[in-house]
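Please keep the sequence and the model side by side while reading.

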Amino acid sequence: MSDVEPIPAASCVLITGGSRGLGLELVRDTLRRGAKVATFSRSITPELQALADEQPDTLFVGSVDITDDAAVKQFIKDASAKLGPIDSLVNNAAIGQDSMHVHTSPDRIAQIVTTNLTAPLVLTRQFIRHAMAKAGRGRIVMVTSVGAQRGYSGLVTYAATKGGLDSAMRTLAREMHGRFLVNSVAPGFFASEMSSVLGNEQLSAISRRTPSGRMVTPENIAPVVGSLLFDDTNLNGQVITVDGGSSI
Amino acid sequence: MSTLSRDQVRTMMGEVLATQGKELPADDSTRLDTIGFRSLDFSELALRVEDELDTELNFDAPQLRSIETVSDVLDFVEQLQQA
């Protein structure tokens with residue numbers, strides 16, 4: 001028998017990059033499940049602002065660059081003053097890549113590493129310091145990528161950052177023994193983002209090669225993140241890949 | 001930097017234990033393993049102290065490994081505040 005109680009379901013969640021796409025869907029889904037949400041991104045979209053206007057007591061939004069440590073720290077203070085202690089974190093904000101490594105400038109490599117790896121690590125530290133002092137226990141979800149597990153051309157630095165987050169996730173899960181459940185959700189490629197660089201014929205070919213027959217959507221990812229935030233699954237230190245089976 | 005007294009830190013240590021339904025015994029020579037005060041509980045205590053002092057108290061893990069009793073915890077927090 002263990003004397004450690006299950007880590008409670010999330011009650012107030014910080015979701016980074018919640019203004020559009022998957023981040024916005026995660027904000028909507030988390031609110032639907034009854035938790036409060038704090039989210040920031042570089043700019044607030046009309047969709048996110050509309051949601052904040054509808055739910056001013058449960059959703060706190062801000063315009064913050066994740067690489068600005070001081071601004072992120074202030075956002076956590078402001079959000080918790082409005083919503084109460086934040087007990088869970090979804091590290092979702094990231095920038096993409098679509099360039100061969102040999103043609104990616106050192107400055108761009110540094111920018112991707114700073115945004116996708118250094119900033120989430122610093123934010124996670126800040127979040128844990130807040131949550132340990134104010135809430136005691138909580139849950140952390142890293143949104144990573146199937147690109148961290150399989151080789152895809154054009155994603156060298158992006159894949160490195162997502163693999164780095166997966167590694168940090170496992171170590172944190174052990175380090176935060178009994179205090180935080182820490183997991184990653186690794187989506188496959190979204191039809192929407194692929195469609196910006198591929199034609200319909202190529203998209204159809206990719207869908208045919210995916211065992212489930214279709215590419216993933218944000219609506220596929222949200223329930224998995226939701227389960228990690230709210231259910232008593234005892235999942236810890238794991239990467240859950242949601243890609244229709246394309247990587248098997 | 002202002003500092004917290006040994007008694008204040010002791011009270012905070014009791015609060016950390018109380019959130020888990022545990023009690024801090026009066027005897028400072030009590031071993032931490034007998035009251036279930038683990039390394040992350042120490043981290044929580046340090047964060048509470050930081051909050052009061054409005055400054056960070058960073059330290060390396062090896063320094064924590066020699067802490068065995070309630071008194072060791074109070075000594076260590078004292079040292080951190082003086083560093």
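What percentage of the 248 residues in chain A do buried residues make up? In this predicted model, the buried share of chain A comes to 42%. The secondary structure of this chain consists of eight helices and seven strands, and its C-alpha atoms, taken along the principal axes, fill a box of roughly 50 × 45 × 35 Å. The radius of gyration of chain A, 18 Å, agrees with a compact globule, because such a globule with 248 residues would have a value near 18 Å. Among the contacts in chain A with a separation of 6 or more, 72% are between residues 24 or more positions apart.

The interior can be followed through its nonpolar residues. In soluble globular proteins, nonpolar side chains tend to be buried together. Here the largest nonpolar core has 79 residues, of which Val13(A), Leu14(A), Val141(A) and Val225(A) touch the most other members. Helix α4 of chain A, spanning residues 106-134, contributes the largest share of this core, namely seven residues. For Val141(A), once neighbours within four places in sequence are left aside, the contacts are Val90(A), Asn183(A), Val185(A), Val225(A), Leu228(A) and Leu229(A).

The remaining step leads to the second chain. Where chain B meets chain A, seven residues of chain B are in contact with eight residues of chain A. Sorted by class, the side of chain B that touches chain A has three charged, two polar and two nonpolar residues.

Technical notes. Residues numbered from 1 in each chain as written. Chains lettered and ligands numbered in written order. Predicted model: local features only at pLDDT ≥ 70, side-chain atom pairs only at ≥ 80, totals over all residues. Contact = placed C-beta atoms within 7 Å. Nonpolar A, V, L, I, M, F, W, Y, C, P; charged D, E, K, R; others polar. Helix = DSSP H or I, 4+ residues; strand = E, 2+ residues; numbered from the N terminus. Rg over C-alpha atoms; globule rule 2.2 N^0.38 Å. Buried ≥ 20, exposed ≤ 12 C-beta atoms within 10 Å, placed from the backbone. Core = buried A, V, L, I, M, F, W, Y, C linked by C-beta atoms within 7 Å.
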